Structure formats: C-alpha cells, structure tokens
Amino acid sequence: MLAYVIRRVLYAIPILIGVNLITFVLFFSVNSPDDIARMQLGVKRVTPEAIQIWKHERGYDLPMLYNSTQSGLERFTDTIFFQKSIRLFLFHFGRSDSGRDIGYDIRQRMWPSLAIAVPVFIVGLLTNITFALLIVFFRSTYVELSAVVLTVVLMSISSLFYIIAGQYLVGKLMHLVPISGYAGGFSAFKFLVLPVAVGVASGIGSGTRWYRTLFLEEYGKDYVRTARAKGLSEIQVLFRHVLKNGMVPILTGAVVILPLLFTGNLILESFFGIPGLGSYTIDAIQSQDFAIVRTMVFLGSVLYILGLLLTDISYTLVDPRIRLT
C-alpha cells in the first residue's frame, strides 16, 4: 500500500501544476495586472506611477510565463507564474494582493466552515440513507410512489429557495434564530442551526434518490434471494446484507467529500454571513485578488486528490477482496 500511496502522490504533482497553470491563464485572460492594481488601490483615477509601484512591490511587473530578457532557466523562473505558484507546493501561501496573511486568514476561517460543513455532511448522509432504506423497505407500494414524487419535487427546487424560505419563516416570522451573522464559542450554535438545517434539507431529494437506486440494485442480486430463502426477515436482509454491500459506493461518494469540507460551503456562508473559507473565496473573486484565488484553487485540488486517495484506501477496509496495486 505504501508504494501505491507514493505513486499517487507523485502523480498528483503534474496535476497540481496543470491546475495552477489553467487557473493562471484563465484569471489573467480576464484581468490584467493593471486591472488588479486599480482594484486594490481602490480609486478610479489612479496615476500610472502608482500602478507601477504597486505591481513592482508585489511582483506583477514581471512577464507572465516567459521572460525573454533573462537567460537559461531564469527565462521561466523570473516570471509571475513561477514566482506566484512555486511556493504553493511548500504550502507557503504568502500575502494577498491587499497585504493580508493568507495562511492566517485560512486558519481563522476554517473553523466556521467546518462548523457548517461537518454537521451538514453527517446529518445529511444519515438522513438520506435512512429515507432511502425506508423507501426500499416499502417498495412497490404507494409509500414508495409518494416518496419518489416528493424527492423529485425537492430536487426541482433551487437551493436558494430553501435559504430564503428558511430565513423568512424561521428567522423573520418565528424569530427562533438570527437570519445571519456569526459569533465564537457556544454562541455560534444559534447562528449555525438554520444554515445546517437548510443544507441538510436542500440535499434530501437528490441524496435519497441516489441511495434508493443503489439499494434497489443490491436488492435484485442473488445473495438477497439466498438470504430470504434462509428465512431472514426483510429488515434483517435490508440492514445485514443490502446496507453492508452498498457501503463501497457510499464510501465513493462520502470519503471523497471529507477533505473538501475544509473549503466550506460557498452559498450557505455567503447568504448567512458566516466568515468561512467559502465567503473568503467569493470575496477574493469579487475583489480580483489573484493571490487568494490561486491559493484556494490549489488547496481545493490538493484536498480533492487526498479525498480520492482516502476513497481507494477505504475500499480495502470495507471489502478485503480489493487490493491496491
């Protein structure tokens, strides 16, 4: 397994370089270093001298990808791409274009993001699997038909509707929890209840249908008929065999998401005013802060690759017949 992990880590290096290069090209296809300087200086009528000083202080006065004025390897290293990207591989994020310490911001904002993402993931996963098992248990009945129609309706509703409806009903009419905002310590609970509930509710439709399809496929296999022939009840068949054999595809969808919980939920954090990494990324895009954008894209890529690796390893834990080579 160690050789497999090392090989996957080595495979990740060219992938991360490619992701960084694509992010760089796309970002600077839309925004020039002069545009970034004007945005960060915060005034419409800024002098060319001020722009040049800002670019020189942050290294944006270098050529983009190739420096024809240099010789040898410096033709590639004395460029904006190399200077801004190479330190990411050492997890040295540097400072944002506005001068903030990106590493410090990430350490501060990761906890509000995790405070939303982890409960949404755990409660949502348990809720969806439970509903899916109940639908399978009542298969070929009006209960299943009604549940399928309901999940389609829930899937058809935009997640924005859940957010707005939740804020209006729970926050404004009932005054049970604040509509938006955040506080540290135990006071955070009242600010997180509604975002977590909305996050779980908005995923019930698609999640339940996916797990229902998964369990129904398992129900049609020979080992289920064999289990019934041995006299096991439907509940025993459902929980002892169907759920157990459905764990591999469940892990495929679940484990790969775990590292990405770190980067936060963009929409929920923005609407509920949670100062997490999701809102941090959106604010960076709006202010054209390339230093933060490239860091968050890089971090997301690393976490996704880590999630895929954890998924492969988890297969061997659920099914001993699987070998990593």
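1. F93 counts as buried, because its relative accessibility is 13% and the cut-off for burial is under 20%. The model is a predicted one, and this value, like those that follow, should be read accordingly.

2. The ring of F93 is paired with that of F91. The two centres lie 6.3 Å apart, and the planes make an angle of 80 degrees. This pair is edge-to-face, because the angle between its planes is over 60 degrees.

3. The count of aromatic pairs in the model comes to 15. Ring pairs also join F24, F27, F28, W54, Y60, F81 and F290 into a cluster.

4. P195 is located in helix α9, which spans residues 188–219. P195 is buried, with a relative accessible area of 0%. Apart from neighbours within four places in sequence, the residues in contact with P195 are I116, V120, L268 and F272. Of these, L268 is 73 residues from P195 along the chain, yet their C-alpha atoms are separated by 6.3 Å.

5. Helix α6 (residues 102–137) packs against helix α11 (residues 234–245) at an angle of about 130 degrees, and the axes are 11 Å apart. That angle makes α6 oblique to α11. The crossing of the two helices, α6 and α11, is right-handed.

6. On the α6 side, this contact involves I129, L133, V136 and F137; on the α11 side, it involves E234, I235, L238, F239 and L243. By class, the contact of α6 with α11 comprises eight nonpolar residues, one charged residue and no polar residues.

Definitions and conventions. Residues are numbered from 1 along each chain as its sequence is written. This is a predicted model: local features need pLDDT of at least 70, side-chain atom pairs count only at pLDDT 80 or more; totals for chains, interfaces and linings use all residues. Side-chain values use heavy atoms; hydrogens and water are left out. Axes are lines fitted to C-alpha atoms, for helices over the stretch in contact, and angles run from 0 to 180 degrees between N-to-C directions. Helices (H or I, at least four residues) and strands (E, at least two) are DSSP runs, numbered from the N terminus. Angles under 35 degrees count as roughly parallel, over 145 as roughly antiparallel, 65 to 115 as roughly perpendicular and the rest as oblique. A crossing is left-handed if the near helix is turned anticlockwise from the far one by less than a right angle, and right-handed if clockwise. Contact means heavy atoms within 4.5 Å. Ala, Val, Leu, Ile, Met, Phe, Trp, Tyr, Cys and Pro count as nonpolar, Asp, Glu, Lys and Arg as charged, and the others, Gly among them, as polar. Rings of Phe, Tyr and Trp (its six-membered ring) pair if their centres lie within 6.5 Å; planes under 30 degrees apart count as stacked, over 60 as edge-to-face and the rest as tilted. Buried means under 20% relative accessible area, exposed over 50%, partly exposed in between (1.4 Å probe, protein chains only).
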